[in-house]
Amino acid sequence: MNPRDADYCSIARALAVVGDRWTLLILRDADLEQITRFEDFRDRLGIARDVLADRLAALVEAGVMEKRPYREPGRRTRYAYYLTPAGEQLRPILGALQQWGDAHRPPAVGPTVARRSARDDRPLHVAFVDDTGREVRLDDVRFTRTASYPA
């Protein structure tokens, strides 16, 4: 048994759902920009229709997004795509990727989006937090094997 196999590795299983560039950009736009419609995703991302259809279908199948029908007057029924609670729980991952990109791959003009608290507009950063709510420094974080780790 290889501990990196998707049967055992949570990271491998998560990447099977969200592990490509287009999927992460779709999730970014669904979350940050509140985009829900196929054509709006296509126009914003410049993604090929077949690739977008494939990624949206995979996200729906994985329970990260849900499809809801809508119909504009005089038009056929179409579908909008909304994040599910599982999709909304990806926000820290998107925030961590953004935080890393701002620090290690910054655009010349500086960050284009800031993470801020909706309650009091304070700046936010993504971090590890222990079970008491205390932030833990990265050099104090370790990953430990559980009894489920393959021998």
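**Figure 1. Overall architecture of the predicted model.** The protein contains 6 helices and 4 strands, where helices (H or I, at least four residues) and strands (E, at least two) are DSSP runs numbered from the N terminus. Along the sequence, these elements follow the pattern α-α-α-α-β-β-α-α-β-β. The C-alpha atoms occupy a box of roughly 60 × 45 × 30 Å, taken along the principal axes. This is a predicted model, in which local features need pLDDT of at least 70 and side-chain atom pairs count only at pLDDT 80 or more, whereas totals for chains, interfaces and linings use all residues. Residues are numbered from 1 along each chain as its sequence is written, and side-chain values use heavy atoms, with hydrogens and water left out.

**Figure 2. Close-up of helix 2 against helix 4.** The axes of helix 2 (residues 21-32) and helix 4 (residues 49-61) come within 10 Å and cross at roughly 70°; axes are lines fitted to C-alpha atoms, for helices over the stretch in contact, and angles run from 0 to 180 degrees between N-to-C directions. Helix 2 is therefore roughly perpendicular to helix 4, a term applied to angles of 65 to 115 degrees. Trp-22, Thr-23, Ile-26 and Leu-27 of helix 2 meet Val-51, Leu-52, Arg-55, Leu-56 and Leu-59 of helix 4, contact meaning heavy atoms within 4.5 Å. By class, this contact of helix 2 with helix 4 has 7 nonpolar, 1 polar and 1 charged residues (Ala, Val, Leu, Ile, Met, Phe, Trp, Tyr, Cys and Pro count as nonpolar, Asp, Glu, Lys and Arg as charged, and the others, Gly among them, as polar).

**Figure 3. Close-up of helix 2 against helix 3.** Helix 2 packs with helix 3 (residues 38-45) at an angle of about 115°, their axes lying 11 Å apart. This angle makes helix 2 roughly perpendicular to helix 3. From helix 2, Trp-22, Leu-25, Ile-26, Arg-28, Asp-29 and Ala-30 contribute to the contact, and from helix 3, Phe-41, Arg-44 and Leu-45. The contact of helix 2 with helix 3 comprises 6 nonpolar, no polar and 3 charged residues.

Figure 4. The largest pocket holds about 820 Å³ of space, a volume being the space filled by probe spheres set on grid points joined across faces, edges and corners. On a 1 Å grid over the protein atoms alone, with a 1.4 Å probe, a pocket is an open set of points with protein on both sides within 12 Å along at least five of seven lines, and lining residues have an atom within 4 Å of a point. Its lining has 25 residues, of which Arg-28, Leu-32, Leu-94, Leu-97 and Gln-98 lie nearest the centre. Helix 6 (91-104) and helix 2 each supply at least two lining residues, and helix 6 gives the most, with 9 residues. By class, the lining has 11 nonpolar, 4 polar and 10 charged residues.

How values were computed: Angles under 35 degrees count as roughly parallel, over 145 as roughly antiparallel, 65 to 115 as roughly perpendicular and the rest as oblique.
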